[in-house]
Amino acid sequence: DIDPNGSVTTGFGTKYDYIYCPNSTKYTTLSSKVITTPADASDHMPIMATLKYEGVVTPPAPIAIPGKVEAEAFSDNLGVQTEPTQDAGGGRNVGFIETNDWMEYDINVGKTANYDFAFRTASANAGGSLIVLIDGKTVAEPIVLPITNDWQIWKNTIRRSIPLTKGIHKLKLQVINGGFNI
C-alpha cells in the first residue's frame, strides 16, 4: 500500500503483489522495486521490498575474513531456504536452490590477499553451477558442481582462490544452474 508509488508496470498495469506483515508490527518501507528480469518470470512482475521493523535487533556485523562464512548465514537472498544438514559438523545447509537464485554475505576483509574459498554441495540428479561475485563483479570462472546422487550426500570439498581487497564487501553466490544444496 506504500511503495512503489505511482504507475507500476507489473504486467497487468496495476499493483498485484503484496507483502504481508503481522498486524501487531510497525514497519517502514526502506526501498522497493519491481522485478522485471527475467521478463517471463511468472504471470506478473513481482514487487520486492526491504522493510525495517521496529524493535528488531540490528543485523550482525560483517563476517570477518579470514574466517568461516557459513552458507546459511546470508545477509540477503533470492529464492533459497535453509534446512537441517546431514553433512559433517551438522547445522544447516542452503537448499531449494533454483536457476537465478542467489545468496549474499556481508564480509569484512582484514588484509588484501587471495583467499581459499571452499564449500561442499550435494545434489540428487543435477550438478548445477554458480559464480562468485564481490561487490557485483565476477571474481572466478563459473564453478560446475558434481552430482552426489542425494540431497544430503556431501562427497567433495570444492576449492577456488578468490582475490579480496581489505575492507567491507558483498560476497554473492549467483546460481547459474540450480538443483543442488550448499
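**View 1. Lysine 68 and glutamate 70 are joined by a salt bridge.** Their side chains meet with N and O 3.5 Å apart; a salt bridge here is a side-chain nitrogen of Lys or Arg within 4 Å of a carboxyl oxygen of Asp or Glu. The structure holds four salt bridges. Lysine 68 is exposed at 66% relative accessible area, whereas glutamate 70 is partly exposed at 34%. Buried denotes under 20% relative accessible area, exposed over 50%, and partly exposed the range in between (1.4 Å probe, protein chains only). The model is predicted: local features need pLDDT of at least 70, side-chain atom pairs count only at pLDDT 80 or more, and totals for chains, interfaces and linings use all residues. Residues are numbered from 1 along each chain as its sequence is written, and side-chain values use heavy atoms, with hydrogens and water left out.

**View 2. Lysine 170 forms a salt bridge with aspartate 106.** The closest N and O atoms are 2.6 Å apart. Because lysine 170 lies in strand S13 (residues 167–177) and aspartate 106 in strand S7 (residues 102–109), the pair ties together parts 64 residues apart in sequence. Strands (E, at least two residues) are DSSP runs, numbered from the N terminus. Lysine 170 is partly exposed at 35%, and aspartate 106 is partly exposed at 24%.

**View 3. Aspartate 116 and arginine 159 meet in a salt bridge.** The N to O distance is 2.9 Å. This pair links distant parts of the chain, with aspartate 116 in strand S8 (residues 113–120) and arginine 159 in strand S12 (residues 157–164), 43 residues apart. Aspartate 116 is exposed, at 53% relative accessible area.

Definitions and conventions:
Helix = DSSP H or I, 4+ residues; strand = E, 2+ residues; numbered from the N terminus.
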